[in-house]
Amino acid sequence: MRGDNPPPVFETYFGLLVLLTLSAGLAAALLAVSAVLGPRRHESATLDPYECGVPSAGDLRRRTSVRYYVTAVLFILFDLEVAFLWAWAVVFHESPLENLAAMGVFIGVLGVGYAYAWAKGAFEWD
Amino acid sequence: MSDTAFAAVFYLFAALSVVPAIMIFVGRDVVHGAFWLLGTLAGFAGLYLMLGADFLGFTQILVYIGGILVLLLFGVMLTQRTPVLLGRTRAARAIPAGIATVALGLFLAKKLIGAPGMSRLSESLKVKGATEPGATRELGSLLLTDYILPFEIASVVLLAALVGAAYVARRGSGENP
Amino acid sequence: MTGPAGSLPLSTGRGSREATAIVYQELLNPHHAQTYTGRAYWGLFPFAALFVPVLTAGLFVAWEAVVHLTGLTRTTGEFWSVARPLLLGLGWVHVILIFITIFSMYAVWMERKVSAHMQCRTGPMEVGRIQGSIFLWKRFNFRLWPKSWSPHGWLQTLADGLKLMAKEDLIPKDADRWIFILAPIVAFTGVFISFLVIPFHGVLSSFIPADLDTGVFFFAAVTSIEAIGVIMAGWASNNKWALFGAMRAATQVVSYELPIGLAFLTAVVAAGSLRVSDIVAAQGPDYGMLAWFVFRSPFLLLAFVIYFISSLAECKRAPFDLPEAESELISGFHTEYSSMRFSIFFLAEYAAMYVVAAFAAVLFLGGWWTGIAPVDHFLADAAKSDGLLPRLAAVGIGVFAVVGKSMILVFFQMAARWTYPRARLDQVMYLCLKVFLPFGLLTLVGGTAWELWLEGGWPKALLG
C-alpha cells in the first residue's frame with residue numbers, strides 16, 4: 001500500500017520538522033492574537049494565586065512527595081525494557097521461534113525483578 | 001535533498017542542542033536548567049533523525065524526554081525549596097575554569113577534526129541519511145543474531161537496577177508524603 | 001413565542017425578557033425530568049455523530065484533490081525536495097487545524113449533551129436557534145424546518161469559545177513568566193504532532209502527513225512531550241493546586257505509557273511493522289471485519305481493552321481525571337490559565353481524546369477498512385488506480401471509516417466519564433503497575449505465541 005517511490009528518509013523528517021515548527025508557531029500565534037485583543041482590567045487581587053478567594057498561605061511551590069520520584073525511577077526501568085522490545089517486535093517474523101525464545105528469556109529475567117519489586121512493596125502508594 | 005537545506009537543518013539542531021546546554025551552566029535556577037535540557041535532548045533527537053537513525057532518535061524522545069527529564073524534574077522539585085538558586089561562582093574560580101574548558105574544547109576539536117575519515121564522515125552520513133530507509137529492522141535483526149548475548153545481558157543489568165530501585169522504594173522507607 | 005415569522009431571535013417580535021424566560025424554562029423547569037423522553041433522544045446520537053466524519057471526509061477529499069491535481073507528490077528535483085515538504089506541511093497544518101477545531105467544537109457540545117442525557121437533562125438547547133423557515137409549499141404550510149427551530153444548541157461551543165477569547169489573559173504574580181507562556185505551546189505541539197502519523201486513508205498520493213517507518217514508536221514517544229508541558233504549567237503557575245495537579249498528571253501519563261507500549265507491541269508483532277499504514281494494510285481487504293486486529297486473537301482483544309482504558313489515563317479523562325479534579329484541585333495544572341492560554345490546553349485535551357481514539361481505531365479496529373468486504377476490495381483497487389474519481393472516493397470512504405470508528409470510541413470515552421467516579425491516585429497506580437503491566441506482558445507473550453501458531457510455527461516446532 002505504500003507509495004510508488006517512497007520519499008527519502010531525510011525528506012520525510014524534514015517534513016516532520018516543518019510540521020513541528022508550524023504547529024508550535026500556530027499555538028504561539030493564537031496566544032499572540034489573544035494577548036493583543038484581550039481586555040486588561042487589573043485590580044488589586046487579580047494576579048494573586050487562585051485559592052477560591054482565601055489569601056494563600058505558606059510556600060506556594062511546596063516540596064513534593066518522594067513517591068513521585070520513586071515511581072518515575074521504576075517507570076524508566078520498565079520503559080527501557082520496552083524500548084528493547086520495539087526493535088524486537090519488527091523482526092519477530094524473520095525467525096519466529098528463536099526470537100520468541102530470546103524475548104521469553106528477556107522478559108523472564110525482568111519478571112524476576114518485577115516479582116521482587118512487588119514483594120518488596122515498591123508498587124504500593126501510601 | 002539539497003545540501004543547503006541539509007546544512008541549515010543541521011545547524012538548527014546543533015544550535016538547539018548547544019545553546020540550551022550553555023544556558024544550563026549560565027543560569028542559576030535548577031528548575032530552569034531542567035527545562036532547558038528539553039531543548040538539548042530534542043536537538044540530539046533531531047540530529048539522530050537527520051542521520052537516518054530514526055529508532056535512536058525516537059528512543060531519545062521516549063526515554064530521555066519522557067522518562068529521565070521527568071525524573072530530573074521530580075528530583076529537583078522534591079529536594080529543595082524553590083526557586084532553587086545556585087550560588088554565583090566567584091570570578092577567582094570562574095576564570096581558571098573557563099580557561100580549562102576552552103583548552104579542553106580546543107584539544108578535543110583538534111583531535112576530532114584531525115581524525116582519519118572525519119572529513120568523509122559528514123559526506124557518508126549525508127548519503128546514508130538521505131537514501132536508506134529506517135534502520136529499525138536492521139537493528140532488530142542484529143540485536144537478535146550477532147548481539148543476542150548483550151541483549152540478554154541488558155535484561156540482567158536492568159534486573160539489577162530494578163532490584164536496587166525496589167529496595168529503595170520498599171514500603172516504609174520513604175518519609176510521610 | 002408569537003413573533004412574526006422570520007424575525008431575529010431576542011431582538012424583535014418577542015421581548016428579551018420573554019426570551020430569557022424561555023431559556024430558563026429549559027434549564028430550570030422542575031417537571032422537565034418527567035416530560036423528557038430520554039430514549040427517543042439517544043437514538044439521535046449516531047446520526048449526530050455522522051456530522052464530524054462527513055465534514056472531515058469532505059476536508060480530506062478536497063485536500064487530496066488539490067495534491068493530486070497539482071502533482072505535488074510526483075514532482076522531482078532538487079528544488080522540489082525542499083519545496084514539497086514545505087508546501088505539504090503548510091497544507092497539512094491547515095487540514096489538521098481545521099479538523100481539530102471542528103472536532104473540539106463538536107466534541108464539547110457532544111460531551112455536554114451526553115452528560116445531560118445520561119442525567120436526564122437536556123443540556124444546551126437554545127444557542128443557534130433558527131428563527132424563520134423556508135416554505136416548500138406555502139399553501140399547505142409545509143416548511144423545510146419548524147418556524148422556530150433549535151437544533152439542540154448546536155452553536156453553544158462557538159458562543160463559549162468567543163466568550164473565552166474575550167477574557168483577560170492573566171499571568172499570575174510571581175509566576176515563572178516564560179515557562180508559563182511556553183507550557184501550553186509545548187503541550188499543544190506534543191498532541192498536534194501525534195496526529196501526523198495517523199493514516200486517515202490508504203490512497204497513495206498524499207497519504208498521511210508523515211508516514212514514518214517507525215510510526216507507532218513515534219506515537220508512543222511524543223505522548224510524553226505533553227507531560228513535560230503539563231509539568232511546566234504546574235510549576236510555573238505558582239499555585240499549590242497547579243503543582244499538585246501537574247505532579248499527578250506527569251506520574252499518571254508516564255506510568256500509563258508502559259501498558260500502552262505493550263498493547264502497541266502486540267499489534268506490531270501481528271503486523272510485523274512499526275509503520276502505521278502497514279499495520280492498517282494488514283487488516284484487510286479480505287475477510288471483512290474478521291481481519292481487524294481485535295478479532296485476530298483473544299490477546300489482541302485484551303490489548304485493545306488495555307489500550308482503551310490506559311488511553312483514558314493518558315489523556316487525563318475520568319475516571320482518571322485526578323490531575324484536574326475539580327472538587328479538590330480547582331482545575332489542576334491549568335488553574336491559573338485563562339483566555340486563549342486555557343483554550344490551547346483545552347484544545348490539546350480534546351485533540352488528545354480524539355487522537356488516542358483514532359489510534360485505537362487504526363491499530364485494532366481496521367483503520368480505513370470498512371469491514372464490508374466488497375467495499376474494502378474497491379478501496380484496495382482504487383488506491384492502486386490512477387483515476388482521480390476512484391481515488392477521491394477511496395479517500396472519502398477511508399476518512400469516513402477512520403473518523404467514524406474514532407467517534408464511536410470518543411462516545412465511549414464520554415460515557416465512561418459520566419458513569420464512573422474518580423479514582424484515587426493509589427488506585428490509579430495499582431491499576432497500572434499491578435494489573436495492566438502483568439496483563440500487558442501476558443498479551444505480548446500470548447499474542448506472539450498466537451502469531452507463531454497462525455504462521456504454522458507451532459506444528460513445525462512440535463513435529464520437527
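Predicted model: local features only at pLDDT ≥ 70, side-chain atom pairs only at ≥ 80, totals over all residues.
Over which residues of chain C does pLDDT stay under 50, and how many contacts beyond four places in sequence does the model have for them?

1. The stretch is residues 1-40 of chain C, where pLDDT stays under 50. For these residues the model has 29 contacts beyond four places in sequence. Helix α2 (residues 32-35) of chain C has the lowest mean pLDDT among the elements of that chain, at 42. At the other end of the scale is helix α13 (residues 298-314) of chain C, with the highest mean, 91.

2. **Overall scores.** For the model as a whole, both ipTM and pTM are 0.83. Chain C has a mean pLDDT of 78, and 84% of its residues reach 70 or more. For chain A the average is 75, with 76% of the residues scoring at least 70. Within chain A, the element with the lowest mean pLDDT is α1(A), at 78, and the one with the highest is α3(A), at 84. Chain A also has a stretch with pLDDT below 50, residues 1-7, and beyond near neighbours in sequence this stretch has nine contacts in the model.

3. **Chain A in outline.** Of its 126 residues, 46% count as buried.

4. **Where chain A meets chain C.** This contact draws 56 residues from chain A and 71 residues from chain C. On the chain A side, α1 (9-37), α2 and α3 (96-120) are the elements that give two or more residues. The most comes from α1(A), with 18 residues. Sorted by class, the chain A side holds 36 nonpolar, eleven polar and nine charged residues.

5. Helix α2 (residues 66-91) of chain A packs against helix α6 (residues 136-144) of chain B at an angle of about 95 degrees, and their axes are 8 Å apart. The two helices, α2(A) and α6(B), are therefore roughly perpendicular to each other. From α2(A), the residues that take part are Ala87(A), Trp88(A), Val90(A) and Val91(A). They meet residues of α6(B) including Thr136(B), Arg137(B), Leu139(B) and Gly140(B), as well as Ser141(B), Leu143(B) and Leu144(B). Counted by class, this contact has seven nonpolar, three polar and one charged residues.

6. **Chain C in outline.** The secondary structure here comes to 19 helices and four strands. Of the 464 residues in chain C, 52% are buried. Among contacts in chain C with a separation of 6 or more, 79% join residues 24 or more positions apart.

7. **Domains of chain C.** The domain assignment gives domain 1 (36-98), domain 2 (125-171) and domain 3 (172-464). Domain 1 of chain C puts 16 residues in contact with 19 residues of domain 3. On the domain 1 side, α4 (45-49), α5 (51-70) and α6 (78-118) of chain C each supply at least two residues, and α5(C) gives the most, with eleven residues. That side divides into twelve nonpolar, three polar and one charged.

8. **A helix pair inside chain C.** Helix α9 (residues 215-236) and helix α11 (residues 257-271) of chain C pack at an angle of about 170 degrees, with their axes 10 Å apart. That makes α9(C) roughly antiparallel to α11(C). Val216(C), Ala220(C), Thr223(C) and Ser224(C) are the α9(C) residues in this contact, and they meet Glu257(C), Ile260(C), Gly261(C), Phe264(C) and Val268(C) of α11(C). The classes here are five nonpolar, three polar and one charged.

9. Asp176(C) is found in the loop between α7 (156-165) and α8 (177-194) of chain C. Is Asp176(C) buried or exposed? Asp176(C) is buried, because 22 other C-beta atoms lie within 10 Å, and the cut-off for buried is 20 or more. Not counting residues up to four places away in sequence, Asp176(C) touches Trp235(C) and Ala236(C). Asp176(C) and Ala236(C) are 60 residues apart in sequence, yet 4.7 Å apart in space, C-alpha to C-alpha.

Terms used: Residues numbered from 1 in each chain as written. Chains lettered and ligands numbered in written order. Axes fitted to C-alpha atoms, helices over the stretch in contact; angles between N-to-C directions. Parallel < 35°, antiparallel > 145°, perpendicular 65-115°, else oblique. Contact = placed C-beta atoms within 7 Å. Nonpolar A, V, L, I, M, F, W, Y, C, P; charged D, E, K, R; others polar. Buried ≥ 20, exposed ≤ 12 C-beta atoms within 10 Å, placed from the backbone. pLDDT = per-residue confidence, 0-100. Domains from an automatic or database assignment.
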